[in-house]
Amino acid sequence: MREIDIFDTTLRDGEQQPGLNLNLDEKLEIAKQLDRLGVNIIEAGFPASNDGDFHSVQKIARAVKNSTVTGLSRVVKKDIDTAYEALKDTANPRIHIFIATSDIHIKHKLLMTQQEVLDAAVEAVRYAKQKFPVVQFSAEDACRTSWDFLTKISSEVIRAGVDVINLPDTVGYTTPNEIKAMFQHMKQHVHDVEKIKLSAHNHDDLGMAVANSLAAIEGGADQVECTINGIGERAGNASLEEIAVALQIRKDYYAANSTLKLNELKRTSNLVSKLTGTIVPGNKAIVGANAFAHESGIHQDGVLKESTTYEIITPELVGVEKNSLPLGKLSGKHAFKTKITELGFELEEEDLKRVFKAFKDLAHKKKSVTDDDIFALLTAEKSGSQSGMYELKSLQVNVATQENVIQTATVIVRTPDGEEIQEAATGKGSVEAVYNTLSRLIGEPIQLEDYRIQSVTGGEDALAEVVVHLTYNDESSLGRGTAHDVLEASAFAYLNAVNRIISGNPTKEPIEELV
Ligand SMILES: [Zn+2]
């Protein structure tokens with residue numbers, strides 16, 4: 001049985017998803033969960049792209065215990081040096097160097113010749129090899145690169161000491177048969193290819209990222225790059241959970257395996273979904289809410305008689321838990337602490353106090369507090385209470401359904417300077433009234449691009465989760481808010497997005513098109 005390395009790029013390629021901007025705490029939380037899931041390599045960011053990325057890669061590199069941590073780098077010494085500074089404290093550092101190899105990129109983007117690209121790649125690998133035990137090279141847009149040049153540059157970087165060669169389908173263009181043939185060709189023609197690992201990295205523009213990754217494995221790839229829930233640039237990347245479970249369920253066919261703890265998949269998916277504000281569709285394979293729901297009477301009957309009639313994957317395999325005992329308003333701190341440990345969180349005393357208080361508040365409004373509620377409280381944004389940021393102090397809204405009656409909101413906010421100010425404004429709807437008031441309080445034009453709301457659980461007393469995407473000071477930002485009341489959750493999300501911008505953590509512009 002072959003063993004496939006799982007290279008997770010949720011925090012690098014996944015973070016290139018439009019509008020997404022994770023803060024350092026959120027990135028650390030995701031990295032720790034990826035470590036727990038057992039991914040072989042975590043790509044933590046692109047250290048030379050900006051200071052924020054440098055610091056988060058460094059923090060992740062220091063926090064992760066088992067996985068290899070890597071950072072992206074262009075074929076320039078400055079990038080490699082910066083990546084080294086960010087990664088040198090981790091147990092298993094790796095650098096990931098890339099340059100485009102397709103004619104279309106070389107001619108129109110790089111304005112270089114093939115020879116210049118080859119020389120730059122070889123020199124960068126040789127330089128990186130002096131600093132890093134493991135060097136990975138990516139031939140950006142490999143699937144639109146001539147096989148001759150791809151073979152040549154691969155052979156040359158192997159001679160320069162590379163350990164892993166990644167052949168990305170950067171634009172999501174290839175098909176399963178083509179990519180399998182490409183990997184087979186490389187396995188046959190690249191000089192000394194048996195000394196290194198080949199890797200695949202697929203985008204989902206044509207909906208084939210997972211199929212292409214599996215086909216690449218058939219063709220000889222020993223590593224696949226993917227993201228949790230398939231998040232990423234444009235249509236996203238290959239879904240880690242789909243590849244991992246396909247390898248497990250169809251072991252008979254692929255004769256390949258990963259070392260992931262599959263029963264951590266559901267939790268990882270939930271965490272990434274919450275922290276990135278990216279909702280997982282109900283019909284998403286493996287981790288969607290309906291992935292294990294049988295609606296048809298014939299199917300239900302079959303599953304009850306013999307589950308394998310219609311169920312190829314058990315919910316337990318991927319960590320979908322049968323509902324455990326909910327907590328209520330009489331539950332004490334000890335029960336609460338046990339529950340959050342069960343849910344996989346470790347909290348500092350101060351955070352524990354804060355979340356326990358939020359739990360107690362919720363338990364007074366909601367009859368039973370489920371695992372999903374507590375998960376939502378634990379992943380709810382907390383930055384609003386920090387100094388130097390906007391904090392919602394009070395919110396009052398007059399709502400009426402009669403025609404010609406305008407909704408009015410009155411809001412008190414603590415400003416980043418610590419001053420409490422009050423403002424009122426109207427709107428055609430209650431959320432609009434709240435947002436008009438907040439916009440007036442902040443005093444800059446704020447453009448709301450997107451607003452989404454969902455309930456954490458079913459039932460009338462469910463928690464509301466709001467995700468907004470807005471533009472403020474020419475920077476775009478995503479904000480999250482969780483509360484029992486939808487208007488309060490809406491206000492939290494709005495202020496959260498603004499706070500992310502003023503704290504210098506806006507959606508970053510990538511230096512250029514990346515692998
Ligand atoms: Zn990519």
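Helix H17, spanning residues 486–502, has 17 residues that at 1.5 Å a residue should span 24 Å, and the 25 Å between its end C-alpha atoms agrees with that expectation. The model is a predicted one, and in it H17 is mostly covered, with 13 of its 17 residues buried. The protein chain around this helix comes to 17 helices and 16 strands, and its radius of gyration of 25 Å is close to the 24 Å that the globule rule gives for 515 residues, so the chain is as compact as a globular protein of that length.

**Ends of helix H17**

- At the N-terminal end of H17 the cap is Asp 485, which places a side-chain oxygen 2.9 Å from the backbone nitrogen of Leu 487.

**Helix H1**

- Helix H1 covers residues 24–37, and its 14 residues reach 20 Å from the first C-alpha to the last, which is close to the 20 Å expected at 1.5 Å a residue.
- The N-terminal end of H1 is capped by Asn 23, through a side-chain oxygen that lies 3.2 Å from the backbone nitrogen of Asp 25.
- Just after H1 comes Gly 38, which takes a positive phi of about 90°.
- The buried residues of H1 include Leu 28, Ile 30, Ala 31, Leu 34 and Leu 37, and the list also contains Glu 26, Lys 27, Gln 33 and Asp 35.
- An α-helix has 3.6 residues a turn, so residues three or four places apart point the same way.

**Overall dimensions and surface**

- Taken along the principal axes, the C-alpha atoms of the protein chain fill a box of roughly 75 × 60 × 45 Å.
- Buried residues make up 54% of the 515 residues in the chain, while the accessible surface comes to about 22,700 Å², of which 49% belongs to carbon and sulfur atoms.
- Of the contacts between residues at least 6 apart in sequence, 68% join residues that are at least 24 apart.

**Nonpolar cores**

- The largest nonpolar core has 112 residues, and those with the most contacts inside it are Ile 97, Phe 137, Val 162, Leu 167, Phe 183, Leu 240 and Phe 336.
- Helix H5, residues 114–129, gives the largest share of this core, namely nine residues.
- Apart from this core lies another, of 26 residues, among them Leu 392, Val 434, Ala 491 and Tyr 494.
- Leaving aside neighbours within four places in sequence, Phe 336 is in contact with Leu 327, Leu 352, Val 355, Phe 356, Phe 359 and Ile 374.
- In soluble globular proteins, nonpolar side chains tend to be buried together.

**Positive phi outside glycine**

- Leu 111 has a positive phi of about 55° although it is not a glycine, and its place is in the loop between helix H4 (103–110) and H5.
- With a relative accessible area of 67%, Leu 111 lies over the 50% cut-off and is therefore classed as exposed.
- Asp 141 also is not a glycine, yet it has a positive phi of about 60°; this residue sits in the loop between strand E6 (134–140) and helix H6 (147–159).
- The relative accessible area of Asp 141 is 0%, which is under the 20% cut-off, so Asp 141 counts as buried.

Terms used. Residues are numbered from 1 along each chain as its sequence is written. This is a predicted model: local features need pLDDT of at least 70, side-chain atom pairs count only at pLDDT 80 or more; totals for chains, interfaces and linings use all residues. Side-chain values use heavy atoms; hydrogens and water are left out. Helices (H or I, at least four residues) and strands (E, at least two) are DSSP runs, numbered from the N terminus. The expected span of a helix is 1.5 Å times one less than its number of residues. Buried means under 20% relative accessible area, exposed over 50%, partly exposed in between (1.4 Å probe, protein chains only). A polar contact is a pair of N or O atoms within 3.5 Å; within protein, one must be able to donate a hydrogen and the other to accept it, and residues adjacent in sequence count only if both atoms are side-chain atoms. The radius of gyration is taken over C-alpha atoms; the globule rule is 2.2 Å times the number of residues to the power 0.38. Contact means heavy atoms within 4.5 Å. Accessible areas come from the Shrake-Rupley method with a 1.4 Å probe; for residues, only the protein chains shown count as cover. A nonpolar core is a set of buried Ala, Val, Leu, Ile, Met, Phe, Trp, Tyr and Cys residues joined through side-chain atoms within 4.5 Å.
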